[in-house]
Amino acid sequence: MLQGAQTWVFNKHPVILSTGVVGGPFEKECRLSSDFDKFHDDLWMGQDSYEKAQRVLLEDAVQIALRKKALKEDAIQFFLAGDLINQITPTTFAARTNQIPYLGLFSACAISTQGLAIAAMIINSGGANYILTGAASHNTSAEKQFRYPTEYGGQKPPTAQWTATGAGVALVGDGNIINSPHPRVTSATIGKVVDMGLSDPFNMGGAMAPAAADTIQRHFFDLKIDPSYYDLIITGDLAEIGRNAVLELFKKKGLTINENTFHDCGLLLYTDEQEVYAGASGPGCSATVMYGHLLNQMKAGVFKRILVVATGALLSPLSFQQKETIPCIAHAVAIEYM
């Protein structure tokens, strides 16, 4: 299953059987709103804190994914998920609700592909029949932890990004249990931590770009394939600054990628009229775009093969206060419709 130094190849082609995609009120107006299953009309979502509201997002996404396949929680072997907030507390409390055996994950905004890669590996090796994996984020809980509470009214530079309020969950199963065309996970490249010495928490895209470039280059090197193999290569939330930076890095590395087929979830999610600075971010960004829009596009025949490379900045309030630089990571997952 291991090919090259960092890539798993899944010969049994674990299948994405269903998904659940949930957003907040701002996402209801986004460019990809038709690809969501449910929206909440306010950021509180019936709770008394934003962190509890984030838990609700994930709980809803899990229930939607299960309902689409008429499955109950006790049919699922493992729940692999995570978030950004305080030892992934919202996700852990969602796992308390669904009572599925739980593996909590953290790689910041790269959680979506980290979870899908590990789920596919477990399914491919025969370790489970069904796994739920996903990620969530909430704009106001992230602002409170990593920057300033929104009530403070702090100003942001153009390089800043907008944390998406949303959750995306996938139900992954054994590829042999279904014969009809479905999105299937064919390979995954696990990234290394890359730190180029940037320390500005308002420039996540610039910090994460080198990690994205490193993982993408490694994916093609390990598999000995060309970037043209994929109809779409899409990063998680580099947004405008990071996308431009990674394209420059590709040129320096001698990696030829067609800019027309290289996109970013953080630039797709919101409309031009929504003021999100350089673009979207957060674990919920790539999770909602991947499990909503991208898979719908595959089912519609727009894409047959895509490479999703979610990116994460592994800073914390503690590391920032200790004047550390920002270590970053990117995990790549190949999905093919077959």
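The legends below describe an overall view and several close-up views of a predicted model. Residues are numbered from 1 along each chain as its sequence is written, and side-chain values use heavy atoms, with hydrogens and water left out. Local features need pLDDT of at least 70 and side-chain atom pairs count only at pLDDT 80 or more, whereas totals for chains, interfaces and linings use all residues.

**Figure 1. Overall view of the protein, with its nine helices and 15 strands.** Helices (H or I, at least four residues) and strands (E, at least two) are DSSP runs, numbered from the N terminus. The C-alpha trace spans about 55 × 50 × 35 Å along its principal axes. The radius of gyration is 18 Å, which agrees with the value near 20 Å that a compact globule of 338 residues would have; this radius is taken over C-alpha atoms, and the globule rule is 2.2 Å times the number of residues to the power 0.38. Of the 338 residues, 58% count as buried, where buried means under 20% relative accessible area, exposed over 50% and partly exposed in between (1.4 Å probe, protein chains only). The accessible surface comes to about 13600 Å², of which 51% belongs to carbon and sulfur atoms, with areas from the Shrake-Rupley method and a 1.4 Å probe; for residues, only the protein chains shown count as cover. Among contacts (heavy atoms within 4.5 Å) with a separation of 6 or more, 77% are accounted for by residues 24 or more positions apart.

**Figure 2. The salt bridge between Lys28 and Asp41.** A salt bridge is a side-chain nitrogen of Lys or Arg within 4 Å of a carboxyl oxygen of Asp or Glu, and by this rule the count comes to ten. In the pair shown, the N to O distance is 3.3 Å. Lys28 lies in the loop between strand 3 (15–23) and strand 4 (38–39), and Asp41 in the loop between strand 4 and helix 1 (50–68), so the pair ties together parts that are 13 residues apart in sequence. Lys28 is partly exposed, at a relative accessible area of 40%, whereas Asp41, at 62%, counts as exposed.

**Figure 3. The salt bridge between Glu59 and Arg55 in helix 1.** The side chains of this pair meet at 3.0 Å, N to O, and, being four residues apart in the helix, the two residues are separated by about one helical turn. Glu59 and Arg55 are both buried, and the relative accessibility of Arg55 is 15%. When residues up to four places away in sequence are not counted, Arg55 touches Gln47, Pro90, Phe93 and Ala94.

**Figure 4. The salt bridge between Glu248 and Lys251 in helix 6.** Helix 6 covers residues 239–253, and the two partners lie three residues apart within it, about one turn of the helix. Glu248 is partly exposed, with a relative accessible area of 43%, while Lys251 counts as exposed at 57% relative accessibility.

**Figure 5. Two residues other than glycine with positive phi, His13 and Tyr277.** Phi of His13 is near 50 degrees, and this residue is found in the loop between strand 2 (7–9) and strand 3. His13 is partly exposed, with a relative accessible area of 29%. For Tyr277, phi is near 60 degrees, and its position is in the loop between helix 7 (265–268) and strand 13 (280–281). Tyr277 is likewise partly exposed, with a relative accessible area of 41%.

Figure 6. Leaving aside neighbours within four places in sequence, Ala170 is in contact with Ile16, Ser18, Thr19, Ile131, Leu132, Thr133 and Tyr291. The C-alpha atoms of Ala170 and Val62 are separated by 8.0 Å, although the two residues are 108 residues apart along the chain.
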